Amino acid sequence: MSTKNITHWIAGQAWTGTAERRGDVYDPATGAVTGQVDFASIREVDQAVSAAVEAFPGWRSASVAKRSQVLFAFRELINSRRDELASIIVSEHGKVHSDALGEIARGIEVVEYACGIPQLSKGGFTEQASTGVDVYSIRQPLGPVAIISPFNFPAMVPMWFFPIAIAAGNTVVLKPSEKDPSAANFIAELWKEAGLPDGVFNVVHGDKVSVDRLLEHPDVKAVSFVGSTPIARYVYETGTSYGKRVQALGGAKNHMLVLPDADLDLAADAAVNAGFGAAGERCMAISVLVAVDPVGDELVEKIKERIAGLKVGPGCNGDSEMGPLVTGVHRDKVTSYLDAGLADGATLTVDGRKHPISGEGTADGFWLGPTIFDNVKPGMSIYDDEIFGPVLSVVRVDSYDEGLELINSSPYGNGTAIFTNDGGAARRFQYEVEVGMVGINVPIPVPVAYYSFGGWKSSLFGDTHAYGEDGVKFFTRGKAVTQRWLDPSHGGINLGFPTNS
Ligand code: NAD
């Protein structure tokens with residue numbers, strides 16, 4: 001079978017050089033290599049940054065009205081071609097088509113938010129701050145910015161950042177995951193069609209070499225990163241050491257606390273949807289179910305019933321509910337946790353290795369069915385590590401307080417959810433829990449575009465969350481102007497510090 005070559009997108013066109021290094025891209029449902037992606041060397045990264053540097057003055061000086069018109073055009077294009085983009089995502093990531101459409105929809109929300117840049121970037125104005133003196137604030141773009149994204153949302157995660165970055169007048173170099181690189185190129189072509197000037201949106205593919213170059217490049221002014229915690233910490237520390245503005249979103253271990261008064265059918269549905277959707281490869285996946293006894297047995301039983309009927313198969317098949325894992329290496333790593341959990345004494349209630357896989361030609365795909373471990377405890381690697389696969393751990397606790405203590409002891413703080421019909425308990429939880437995004441009877445509380453997305457503790461390095469008002473703040477810098485127009489009464493020498501009168 002012939003394979004495709006996926007290359008960089010620099011200054012409005014596909015790169016035409018010959019790469020020194022390449023990586024394989026797979027169809028996770030069949031295990032077949034379907035393409036090779038070029039890995040950028042320092043030279044290609046520098047070319048992309050140069051394109052972004054050159055495009056910056058023109059794009060920065062484009063009127064706010066013009067910039068928002070391009071955003072509107074991009075929104076129309078990506079919306080009308082979302083099915084094609086979803087198919088690209090499915091073919092390299094493996095998630096089911098409806099789920100790929102879901103990530104595109106959530107990305108489009110941010111584009112729509114960024115269309116409001118005239119309103120979002122408005123400053124303040126104080127007339128007569130001092131006699132005859134006005135003070136006002138403006139927000140200006142930073143210049144070329146880098147976005148480095150993970151494999152699990154090849155469209156949505158970059159779209160958390162670039163719509164706002166571009167709307168605000170910055171230029172962008174995106175370094176997507178090398179595991180599913182094609183979505184970024186498709187998006188780049190849509191930008192061109194939408195009328196974005198060449199060089200405003202560039203894509204370089206690759207690995208640590210390209211990331212490191214972006215982190216140290218003197219012309220890159222800011223870095224938005226999303227990925228695993230060790231790399232997020234590294235990117236934050238390295239990028240800031242080069243004087244850059246950095247927001248680095250890391251990994252997660254999201255707990256769902258089920259109180260005894262909860263609707264157990266609703267909670268079981270939610271645990272299955274949030275635990276096994278996208279094969280658990282979501283940073284907001286629920287990976288730990290904290291059952292406040294006496295409901296544990298009944299809840300686990302309800303979850304078991306639901307997952308027995310889950311259809312696991314290729315993402316391109318309309319009836320598949322869960323697809324494969326992204327690569328064979330990742331599947332093997334996730335599967336190794338099944339042995340680790342057993343060795344640590346947890347109860348393997350449902351073994352995903354036995355789940356039937358539907359679909360033709362799937363024998364060599366990267367499969368693991370939904371898995372449940374019960375009686376899990378902190379200290380076991382299945383509890384402590386981010387597994388990032390379809391493995392749900394159930395921890396039994398005796399009280400709300402014990403559950404809260406467990407959640408707050410986690411080094412991660414991305415998302416969490418409480419299931420209860422007690423408004424007072426829910427309110428207490430949102431007040432006490434040390435997590436950045438909280439769901440109340442909502443298992444995957446990804447904030448809408450006009451709030452901001454971000455976790456606490458080891459789930460985010462930096463102080464600015466993604467998109468929403470934080471996004472506008474991250475991609476602009478503030479300037480305060482104090483103005484006075486010629487008035488002879490203000491002449492004269494006065495070395496004192498200016499005060500208001
Ligand atoms: P990853 O950390 O392996 O890779 C992320 C990016 O960093 C990729 O572009 C990759 O090429 C690059 N990279 C990898 N190793 C590097 C290194 N040594 N030096 C420099 N760059 C490197 O993450 P992944 O496996 O692609 O994605 C899954 C992870 O992302 C999970 O931990 C998940 O929780 C996390 N994630 C977090 C969020 C969030 O919002 N907090 C969202 C999505 C995914």
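## A residue in a loop

Is Ala346 buried or exposed, judged by the other C-beta atoms within 10 Å? In this predicted model, Ala346 is buried, because 24 other C-beta atoms lie within 10 Å and a residue counts as buried once 20 or more are found there. The place of Ala346 is in the loop between helix H12 (328–343) and strand E15 (347–350).

If residues up to four places away in sequence are left out, Ala346 touches Gly341, Phe373, Asp374, Asn375, Val376, Met380 and Ile382. Ile89, by contrast, stands 257 residues from Ala346 in sequence, and the two C-alpha atoms are 35 Å apart in space.

## The chain as a whole

The protein chain contains 16 helices and 23 strands. Its radius of gyration is 25 Å, close to the 23 Å that the globule rule gives for 501 residues, so the chain is as compact as a globular protein of that length.

Of the 501 residues of the chain, 52% count as buried. When contacts between residues at least 6 apart in sequence are considered, 72% of them join residues that are at least 24 apart.

## Around the ligand

The ligand is surrounded by 27 residues, of which the closest are Pro150, Gly227, Ser228, Gly251 and Cys283. This shell divides into twelve nonpolar, ten polar and five charged residues. Both domains take part in the shell, since domain 1 (4–249) and domain 2 (254–445) each supply at least three residues.

## Nonpolar cores

The largest nonpolar core has 87 residues, and those with the most contacts inside it are Ile164, Val172 and Val223. Helix H6 (residues 156–167) provides the largest share of this core, namely ten residues. Apart from residues up to four places away in sequence, Ile164 touches Val110, Ala114, Tyr467, Gly471, Val472 and Phe475. A second, separate core of 65 residues includes Ala285, Leu325, Ile372 and Leu404.

## Two residues compared

Ala146 is found in strand E8 (residues 144–148), and Ala146 is buried because 32 other C-beta atoms lie within 10 Å. Not counting residues up to four places away in sequence, Ala146 touches Val173, Lys175, Leu214, Val220 and Val223. The C-alpha atoms of Ala146 and Val334 are separated by 30 Å, and these two residues are 188 residues apart along the chain.

Leu77 lies in helix H2 (residues 64–80). Leu77 is partly exposed, because the 17 other C-beta atoms within 10 Å fall in between the limits of 12 or fewer for an exposed residue and 20 or more for a buried one. Leaving aside neighbours within four places in sequence, Leu77 is in contact with Leu190, Glu193 and Ala194. Although Leu77 and Leu190 are 113 residues apart along the chain, their C-alpha atoms are separated by 6.5 Å.

## Backbone details

A cis peptide bond joins Asp293 and Pro294, with omega at about 25°, and Pro294 lies in the loop between strand E14 (286–292) and helix H11 (296–308).

Gln128 is not a glycine, yet its phi is positive, at about 60°. The place of Gln128 is in strand E6 (residues 125–130), and Gln128 counts as exposed because it has 10 C-beta neighbours inside 10 Å. Phe388, likewise a residue other than glycine, has a positive phi near 60°. Phe388 lies in the loop between helix H13 (381–384) and strand E17 (391–397), and Phe388 is buried, with 26 other C-beta atoms within 10 Å.

Methods: Residues numbered from 1 in each chain as written. Predicted model: local features only at pLDDT ≥ 70, side-chain atom pairs only at ≥ 80, totals over all residues. Near = placed C-beta within 6 Å. Nonpolar A, V, L, I, M, F, W, Y, C, P; charged D, E, K, R; others polar. Domains from an automatic or database assignment. Helix = DSSP H or I, 4+ residues; strand = E, 2+ residues; numbered from the N terminus. Rg over C-alpha atoms; globule rule 2.2 N^0.38 Å. Contact = placed C-beta atoms within 7 Å. Core = buried A, V, L, I, M, F, W, Y, C linked by C-beta atoms within 7 Å.
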